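Please keep the sequence and the model in view while reading.

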Amino acid sequence: MTKFDTLKRHLKPGKAYRRADRRWSTSVDRHLKQLVESGTLKKLSGGLYAYPKETVYGPAPAADKEVVSAFLKDDTFLLASPNAYNSLGVGTTQLYDKTVVYNHKRHGDFQLGSRKFAFRVKPALSKVAYKGISPY
C-alpha cells in the first residue's frame, strides 16, 4: 500500500481538512493535488479542503460546522444565520447568503468554497457556543 492510499484511507466523507494536517503524508502538496484532481477532495480556500459525502442526489458539501472548525483550528464558535428569524415569523422574507460566525480568532468576510461567512470576534460567548453548537 502506497503513502497516497494510506492518506486516502484515513479521510472521512463529510469532513474538512487543512493542509497543515500532515498526519498521514510526507508529500502533502503532491497528495493534495492528486486528491483534488481525482475528485476525492474539493478545495475550499488556500490550505482548506473538504471531502464531500456521497448521497443519492450527488456529492453533499461538508457541514458548515466542520468547515468553520477546520478554518479556525478551534471548536469555540457560534454559527448564526439571519434566515433563522424567518422561520420564527419575526424576520422578513428576504434570504441571506452569509452565515455569521461569532468566534475568538478571526474577523472579516471569507468565502470558503461556495459559502460566504461573516466572522465576528466576540470576547465572550455563551456556553451554548462551545463545540460549535448552534441554537438554530
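Contact here means heavy atoms within 4.5 Å, and angles run from 0 to 180 degrees between N-to-C directions. The model is a predicted one. With those terms in place, helix α3 can be described: α3 lies across β6, β7 (98-103), β8 and β9, and runs at about 140° to β6.

In the order β6-β7-β9-β8, they make up an open sheet whose pairing is mixed. Its edge strands are β6 and β8, each of which pairs on one side only. On average, neighbouring strands of this sheet are turned by 25° against each other, direction ignored. Within the sheet, β8 and β9 pair in the antiparallel sense, over five bridges. L112 has R115 in β9 standing opposite.

S114 is placed in the loop between β8 (108-112) and β9 (115-121). Is S114 buried or exposed? S114 counts as exposed because its relative accessible area is 61%, and the term applies to values over 50%. Along the chain, S114 and P61 are 53 residues apart, while their C-alpha atoms are separated by 9.5 Å.

A second sheet can now be considered. Strands of a sheet pair through backbone hydrogen bonds, either parallel or antiparallel. In this case, three strands in the order β1-β3-β2 form an open sheet, and their pairing is antiparallel. β1 (16-18) and β2 (42-45) each have a single partner strand and stand at the edges, so one side of each is left without a neighbour in the sheet. From one strand to the next, the twist averages 35°.

Which strand is joined to β2 by three bridges? The partner is β3 (residues 48-50), and β2 and β3 run antiparallel. K42 stands opposite A50 in β3. Helix α3 packs on this sheet as well, touching β1, β2 and β3. The direction of α3 makes about 10° with that of β1, whereas α3 runs at about 140° to β6.

K73 lies in the loop between α3 (64-72) and β6 (77-80). Its phi is near 55°, a positive value in a residue other than glycine. K73 is classed as exposed because its relative accessible area is 57%, and exposed means over 50%.

Key
Residues are numbered from 1 along each chain as its sequence is written. This is a predicted model: local features need pLDDT of at least 70, side-chain atom pairs count only at pLDDT 80 or more; totals for chains, interfaces and linings use all residues. Side-chain values use heavy atoms; hydrogens and water are left out. Helices (H or I, at least four residues) and strands (E, at least two) are DSSP runs, numbered from the N terminus. Buried means under 20% relative accessible area, exposed over 50%, partly exposed in between (1.4 Å probe, protein chains only). Two strands pair if DSSP finds at least two bridges between them.
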